[in-house]
Amino acid sequence: MIRDHFRVLVVDLATGRGSVVSVEGRDAVAGGSGLAAMLFAKYGRADKPWDDPAQPLIFTIGPLTGYFPLMSKTVCAFKSPYHDHYAESHAGGRSALSLRFADLDGLVIIGRAEKPSCVVVGSRRLEVREAHYLWGMDLQTTGKTLRRMFPGSGHRSILRIGPAGEQGSAMACINVDTNRHFGRLGAGAVMGAKRLKGIVILGDGIFPLPETKEYPKLFQEVYRKLTDTDMMDKYHNLGTPINVAVLNGIRALPIRNLQQTSDDATDGITGERFADDTLLRHMACAGCPVGCIHVGFVREKFMEPNQYLYRQVPYDHEPIFAVGSMLGMTDAFKVLALIDAVDKQGLDVMSAGVALAWATEALEKGILSENETLVPLKFGDEQTYRQAMQHLATGANEFYRLLGQGTMKAAAYYGGTEFACVLGQEMGGYATGEVFFVSQALGFRHSHLDSSGYSYDQKHTDKNVGDAVGFLVRDERERVFLTSMVACLFARGVYSEAVLADCLRSVGYSTLAENIAAVSNSIQKLRWKTRLATGFDPRAVTIPKRFTEITTWKGKVDEGYLAALKEEYARRILEMGREDQG
Ligand code: SF4
């Protein structure tokens, strides 16, 4: 329903009660990222730690969710166990549409349940149900159980955590509808700290579509652009794993804890190889005609003779890099088996893979011993990594508990900070050069998707600091409006400012449509202001030596250029976060 305010459900786990509140500010913050930052300012406690019961766990959608294709993400915002700063994570699946059908723009969960519980919300329903029997269950069994407990297939979305979230690991994710994740910066631990094992969103209401002539015409036009262009080929065909061969070809693929950036052995884990050998089917987030989710399979012998079970496992470039090339794995099925093992534990696959890559090199160098790692970690050894993933998720000893708080924390204690592949958090799958390293290290989500620094590196050989940082700031500003619309960033080529303005107008948000540039600018500043208020200091971010030791297609990384980019980007971030919000 079009409304000029936000309809937000606030649930208090301590009392088991909640209420719907009206929050003003649609024309100022739009929704998604902007709304999340505004809600954190209202409900969050910058002065208290991330696991204080009062801290909110926030989920928001945007004004175009349900009205246009690929407006399919939900923004999850929280104070992160990784660094105790304000953080955002994004995921698709059915969560956004279920919130729309539940007639909610946002869901805010505060308090801590007395016993492990799950929350069920719908258009006319709120229930906090005690569910102690789910505690300790892996993510897949939890999913199966919740699906049986709360029928509504196709309309409901199920968010859940695994053992890693229960243990408070800063690498714990929230799984969304099996194949998608709020992956990074430890949102799963925030649920765990609230003793919240699952969230079920019942999309059990209806919402009317605009009855104008323009709306269906515009919808068709957007739909055609999304499906007629090369987007379908790029994301549906081989999907993001196409990057493995491309990056390997330009010496920009992180391999064996970034000791190499290219290796012919990665032929076994290219997008082409995954498609030829392992691909079962494509899937899509609700409301998306592209379907970029690639699902392969793993099988396990559970009994002699020849009795197998199989599981479906989603794959993308990032998981393939993290538990593939970073761990020296060169077999697609073994990579899928590792993705499956990590997912079962409710760990973020990118963080876990990069952390174990560091631990493997530290063990090789004698900085760690098997007393710490418990298993003889070795690049390319799938079985050992499967055991290590479980140790990491459950915090099997002091070493794994510390590693689960972040690779740099473990490296600071045991040694080996210089080869910890950490850029704000465990690195993304691009070793393209200076601009990407700085963009991830200082970027808002420490994500390769904060801005396309990796692409800038691939297109520019000049070393103009002002141009590069100007690009990062502008690109982030454009993306922040998209993530406030909760658009999938794969659609950024179609959802230009002009198209977004038409879409907003067609559903009745004319004021927002007229002010996209100003609103983007103010959301960008609001997010940085919120982040800085929780203690983030971009000047304190360091980039480990390993990133300056590599060679890409442009040659050796230039330490002077890297340092100058970092200084200038930090200055711009502080400027944005400190400017008067007006
Ligand atoms: S392109 Fe992929 S990630 Fe984006 S909405 Fe579609 S299925 Fe989801």
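Predicted model: local features only at pLDDT ≥ 70, side-chain atom pairs only at ≥ 80, totals over all residues.

Student: Which residues lie nearest the centre of the second largest pocket?

Tutor: The pocket holds about 710 Å³ of space. Its lining counts 31 residues. By class they divide into 12 nonpolar, eight polar and 11 charged. Nearest the centre lie Arg 147, Arg 160, Asp 177, Thr 178 and Asn 179.

Student: Where does the second largest pocket lie relative to the domains?

Tutor: The domain assignment gives domain 1 (6-202), domain 2 (229-425) and domain 3 (430-541 + 551-576). Domain 1 and domain 2 both give residues to the pocket lining, so the pocket lies between domain 1 and domain 2.

Student: How many residues does each side give to the contact of domain 1 with domain 2?

Tutor: The C-alpha centres of domain 1 and domain 2 lie 26 Å apart. Their contact takes 30 residues from domain 1 and 35 residues from domain 2.

Student: Now the cavities. Which helix gives the most to the lining of the largest cavity?

Tutor: There are two cavities of 30 Å³ or more. The largest has about 60 Å³ of space. Among its lining residues are His 90, Arg 445, Glu 476, Arg 479 and Arg 527. The top contributor, with four residues, is helix H20 (residues 465-485).

Student: How many charged residues are in the lining of the largest cavity?

Tutor: Asp 450 and Arg 479 are among the lining residues. The lining also has three nonpolar and two polar residues. The charged count is five.

Student: What is the volume of the second largest cavity?

Tutor: Its lining includes Trp 50, Asp 51, Arg 112 and Lys 194. By class, the lining has four nonpolar, one polar and four charged residues. The volume is about 40 Å³.

Student: Last, helix packing. At what angle do H18 and H24 pack?

Tutor: Two packed helices are described by the angle between their axes and the distance between the axes. For helix H18 (residues 434-442) and helix H24 (residues 559-578), the axes are 9 Å apart. The angle is about 35°.

Student: What is the handedness of the crossing of H18 and H24?

Tutor: In H18, Phe 437, Val 438 and Leu 442 are among the contact residues; in H24, they include Leu 562, Leu 565 and Tyr 569. The residues of this contact divide into 10 nonpolar, one polar and two charged. The crossing is right-handed.

Definitions and conventions. Residues numbered from 1 in each chain as written. Heavy atoms only, no water. 1 Å grid on protein atoms, 1.4 Å probe; cavity = no way out; pocket = protein on both sides within 12 Å on 5 of 7 lines; lining within 4 Å. Points joined across faces, edges and corners; volume = space filled by probe spheres on them. Helix = DSSP H or I, 4+ residues; strand = E, 2+ residues; numbered from the N terminus. Nonpolar A, V, L, I, M, F, W, Y, C, P; charged D, E, K, R; others polar. Axes fitted to C-alpha atoms, helices over the stretch in contact; angles between N-to-C directions. Left-handed = near helix turned anticlockwise from the far one by under 90°. Contact = heavy atoms within 4.5 Å. Domains from an automatic or database assignment.
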